[in-house]
Amino acid sequence: MVLTGDEAAATKQELQGNFDLSGITLEMAAVDLKSTPEHIQDVMNLKNCRIEEPWVLRNYLIKIILFQEKEPYSFSKLIGNPKRFKFLNNQFIDRGELA
């Protein structure tokens, strides 16, 4: 999935907004996702990451937010089931880890 500049900017904003809403820290997310705080930040910025990693982070954030009985912010591109995109490695996404 190739994003235009505007779509990428919106996706970054949506990931950051949901991250902020979750109330977790980069360190907490890194432990949960078996990654590093720096890599979590890179994924939120769509920088130096696998194409599947924003989906992993999206799923993680939604789970955390719903557990807190809050409503996550909507995503404009990371919507629906990623399995509909044949080019994504869904085993990687389903594993729920960034490492």
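D94 is exposed in this predicted model, and its relative accessible area comes to 52%, which is over the 50% that the word exposed requires. From that position D94 makes a salt bridge with K83, and the closest N and O atoms of the two side chains are 3.1 Å apart. Since D94 sits in helix α5 while K83 belongs to the loop between α4 (53-67) and α5, the pair ties together parts that are 11 residues apart in sequence. K83, for its part, is partly exposed, with a relative accessible area of 40%.

As background for what follows, side chains of opposite charge can pair when their charged atoms come close. How many salt bridges does the count come to in this model? The count comes to five, and I will go through some of them here.

Let me turn to E97, which forms a salt bridge with K34 at 3.6 Å, taken from N to O. E97 lies in the segment after α5 (90-95), and K34 in the loop between α2 (26-32) and α3 (37-44), so this pair ties together parts that are 63 residues apart in sequence. K34 counts as partly exposed, its relative accessibility being 48%. The side chain of E97 also meets that of R95 in a salt bridge, here with an N to O distance of 3.5 Å, and R95, at 41% relative accessibility, is again partly exposed. Through shared partners, then, the salt bridges join K34, R95 and E97 into one network.

I would now like to move to helix α1, residues 5-22, and begin with its length.

Which residues of α1 are buried? They are A8, T11, E14, L15, G17, N18, F19, L21 and S22, and what covers them includes α2, α3 and α4.

Helices α1 and α4 pack at an angle of about 30 degrees, with 9 Å between their axes, and their crossing is left-handed. On the α1 side the residues in contact are L15, N18, F19, L21 and S22, and on the α4 side they meet P54, L57, R58, L61, I64 and I65. Sorted by class, this contact has eight nonpolar residues, two polar ones and one charged one.

L15, in helix α1, is buried, with a relative accessible area of 0%. If we leave aside its neighbours within four places in sequence, L15 is in contact with V43, M44, L46, P54, L57, R58, L61, F75 and L78. For a sense of distance, L15 and A30 are 15 residues apart in sequence, and their C-alpha atoms are 15 Å apart in space.

Finally, there is helix α3, where the buried residues are H39, I40, D42, V43 and M44, and where the covering parts include α1, α2 and α4. After α3 comes L46, whose phi is positive, near 55 degrees, and L46 is also one of the residues that L15 touches.

Terms used
Residues are numbered from 1 along each chain as its sequence is written. This is a predicted model: local features need pLDDT of at least 70, side-chain atom pairs count only at pLDDT 80 or more; totals for chains, interfaces and linings use all residues. Side-chain values use heavy atoms; hydrogens and water are left out. A salt bridge is a side-chain nitrogen of Lys or Arg within 4 Å of a carboxyl oxygen of Asp or Glu. Helices (H or I, at least four residues) and strands (E, at least two) are DSSP runs, numbered from the N terminus. Buried means under 20% relative accessible area, exposed over 50%, partly exposed in between (1.4 Å probe, protein chains only). Contact means heavy atoms within 4.5 Å. Axes are lines fitted to C-alpha atoms, for helices over the stretch in contact, and angles run from 0 to 180 degrees between N-to-C directions. A crossing is left-handed if the near helix is turned anticlockwise from the far one by less than a right angle, and right-handed if clockwise. Ala, Val, Leu, Ile, Met, Phe, Trp, Tyr, Cys and Pro count as nonpolar, Asp, Glu, Lys and Arg as charged, and the others, Gly among them, as polar.
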